Amino acid sequence: MDHSAPGRAARWLSFLRRHRVFAAAFGAGAVLRLITMLGYGPAMWFNDSYEYVSVALHPRPHPIRPDGYSFWLLLLKPFHSFALVTFTQHLMGLATACLIYALLRIKFRLPKWGATLAAAPVLFDAYQIQLEQLVMSDSLFTLLVVSVITLVLWKRRLSWQAGAVVGFLLALTWLTRSIGLPILALVVLYLLVKRTGWRPIAALITACAIPVMAYMGWFASAYGKFAMTNSDGLILYMRTAIFADCNKMNIDKYKEVQLLLLCINDPVSQRKDYAQWYLWGQGNGDGTGTGEVLHRWGIQKKWSEITNDAASAFATRAIMSQPGDYLKVVTRDFFRSFHWSRPMFPDPSTYSMYQFKPYVEPDENGQPKRLPKWSSYQGGRTDTDAFSYEQGPPETRIVHPWADIMSAYQKVFYLRGIMVGGILLIGLYGVAVRWRTFGGPVVLPWLGAVGLLLAPAATAEFDYRYVLPAVPLACIAAAITLRKGVTWARRSPKSASASEPTTLPV
């Protein structure tokens, strides 16, 4: 008689009993995700979702954002199911929580309740669950970032093989969202300060460079430019458009005509208070007024290399000419992350896409709203592309009572911005008391969290979904800080080591 199956079951039950606090939290998080899928199937949609689907159907380097998430959709395309896509994203959220718990419990010897508490925002935050239900790259990006931080912190001495794995994960991170580049720089700097050695760092950089360079070569074959996108300058232009004053920028009207074409005629006091309008707004049809001045370039040329380079030059000039105004908008957007409530920003339409609504929004004719009929970049149409991927109706279907449950849940159960700020302050304390070791193991997740909040404010604009990937890193930093309690007493070298187990009440 084969006793292997009962033996495995007994081992699993024993494992669950030992980690019953986290197992209970994990199970509750899984149930919430199941309710979400029942109430909002097959998926929820954001403005960026349609281009991701378009690239999955018609593979090509996209001029606006890297294709990493579209590659994931491409892998799942044979199943023709957005429900499967969101299911895998919910698994990514749960896997992120498992990584946090394992790192803190096994590596840093936190009590079981403490490690579970650090993973709780990922498991229970309603906006995190809603983001996983969207056809968007953020869940994949968050899992990749947490995986990188976990591997780097887990290994006291990183081998070259582990360095190669970290490098490959960083490549996937960079290909999923452009902000993966600063994460790469942060990890390399951390390993240099830690004196890891040249072999693992070389392996990391090589393993990261090969996929990224291959993608950039593919991009060059399509656009003639060895790069990841043709949008970095345009997005930075968007950032500066709300304060850029051409009268202060010393533009030569005879030699810098391209920059003059990007000037906004409206006084700064009359401009929109959110930057996205100046890249995505439809304008007045003639490129004037408070509309999108990039219409002056022609809609077909907006994402070209020439336009991107001109926008980059304009934005750089605006920042250098008005550094105080630039710092003001960056600071303002950075601190938007720490409000108690969630003020409506940047506009009602974008804000509503992050909400669990217990009803289907009507269109202008009072009928249930369908997917928009926008033209996809380089052919195709948003609604028909989504239908082709699903092989059926792709619109979100509201099903009661499941949708009502998540709508009510979202009103109460989410990590408020001021709590995120408090968690970051705990991590900052942990960095400060470890100043002799340059912040020790706390500094990597803490700087990662701050960077994920600061980078959008500095290069694009605040968006609520940009806060969520920073939360797991902030929780890791705070948990490591608190693993021995809050004290300013000088530590012995042994107790300060991140690799030494600590004994805490369970």
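Modeller: One definition before we start: an axis here is a line fitted to C-alpha atoms, for helices over the stretch in contact, and angles run from 0 to 180 degrees between N-to-C directions. Keep in mind too that this is a predicted model.

Colleague: Got it. So at what angle do helix 10 and helix 11 cross?
Modeller: Roughly 170 degrees, and their axes come within 11 Å. Helix 10 covers residues 180–193 and helix 11 covers residues 198–223. Angles over 145 degrees count as roughly antiparallel, and helix 10 and helix 11 are therefore roughly antiparallel to each other.

Colleague: Which residues meet there?
Modeller: From helix 10 you have Leu184, Val187, Val188, Leu191 and Leu192, and from helix 11 Ile201, Leu204, Ile205 and Cys208. Sorted by class, that contact has nine nonpolar residues, no polar ones and no charged ones.

Colleague: Is Cys208 buried or exposed?
Modeller: Cys208 is buried, with a relative accessible area of 2%.

Colleague: Let me zoom out for a second. How many helices and strands are there in the protein chain?
Modeller: There are 24 helices and two strands. The protein chain has 506 residues, and buried residues make up 53% of them. As for contacts with a separation of 6 or more, 76% of them are between residues 24 or more positions apart.

Colleague: Back to helix pairs, then. How do helix 4 and helix 5 pack?
Modeller: Helix 4 (residues 68–76) packs on helix 5 (residues 82–107) at about 125 degrees, and their axes are 10 Å apart. That angle is why helix 4 and helix 5 are called oblique to each other. The crossing of helix 4 with helix 5 is right-handed.

Colleague: And what's in the contact of helix 4 with helix 5?
Modeller: Helix 4 brings Tyr69, Trp72, Leu73 and Leu76, which meet Leu84, Val85, Thr88, Gln89 and Met92 of helix 5. By class, that makes seven nonpolar residues, two polar and no charged ones.

Colleague: Which way does helix 21 run relative to helix 23?
Modeller: Helix 21 and helix 23 (residues 470–482) pack at about 150 degrees, with axes 8 Å apart. Helix 21 is therefore roughly antiparallel to helix 23. Their crossing is left-handed.

Colleague: Who makes that contact between helix 21 and helix 23?
Modeller: On the helix 21 side it's Pro445, Trp446, Gly448, Ala449, Leu452 and Leu453, and on the helix 23 side Ala470, Leu473, Ala474, Ile476 and Ala477. The classes there are 10 nonpolar, one polar and no charged residues.

Colleague: Changing topic: which cysteines are joined by a disulfide?
Modeller: Cys246 and Cys263, with an S to S distance of 1.9 Å. The count comes to one disulfide. The torsion about the S-S bond of Cys246 and Cys263 is about -110 degrees, so this disulfide is left-handed.

Colleague: Where do Cys246 and Cys263 sit?
Modeller: Cys246 is in the loop between helix 12 (232–240) and helix 13 (257–261), and Cys263 is in the loop between helix 13 and helix 14 (277–280), so the pair ties together parts 17 residues apart in sequence. Cys263 is buried, at 9% relative accessible area.

Colleague: What about the backbone, where are the cis peptide bonds you'd point out?
Modeller: I'd show you two places. Gly41 and Pro42 are joined by a cis peptide bond with omega about -10 degrees, and Pro42 lies in the loop between strand 1 (40–41) and helix 3 (49–57). Phe345 and Pro346 are also joined by a cis peptide bond, with omega about 0 degrees, and Pro346 lies in the loop between helix 16 (323–335) and helix 17 (348–352).

Colleague: Why point those out?
Modeller: Because most peptide bonds are trans, and most residues other than glycine have a negative phi.

Conventions:
Residues numbered from 1 in each chain as written. Predicted model: local features only at pLDDT ≥ 70, side-chain atom pairs only at ≥ 80, totals over all residues. Heavy atoms only, no water. Helix = DSSP H or I, 4+ residues; strand = E, 2+ residues; numbered from the N terminus. Parallel < 35°, antiparallel > 145°, perpendicular 65-115°, else oblique. Left-handed = near helix turned anticlockwise from the far one by under 90°. Contact = heavy atoms within 4.5 Å. Nonpolar A, V, L, I, M, F, W, Y, C, P; charged D, E, K, R; others polar. Disulfide = S-S within 2.5 Å. Buried < 20%, exposed > 50% of the residue type's maximum accessible area, 1.4 Å probe, protein only.
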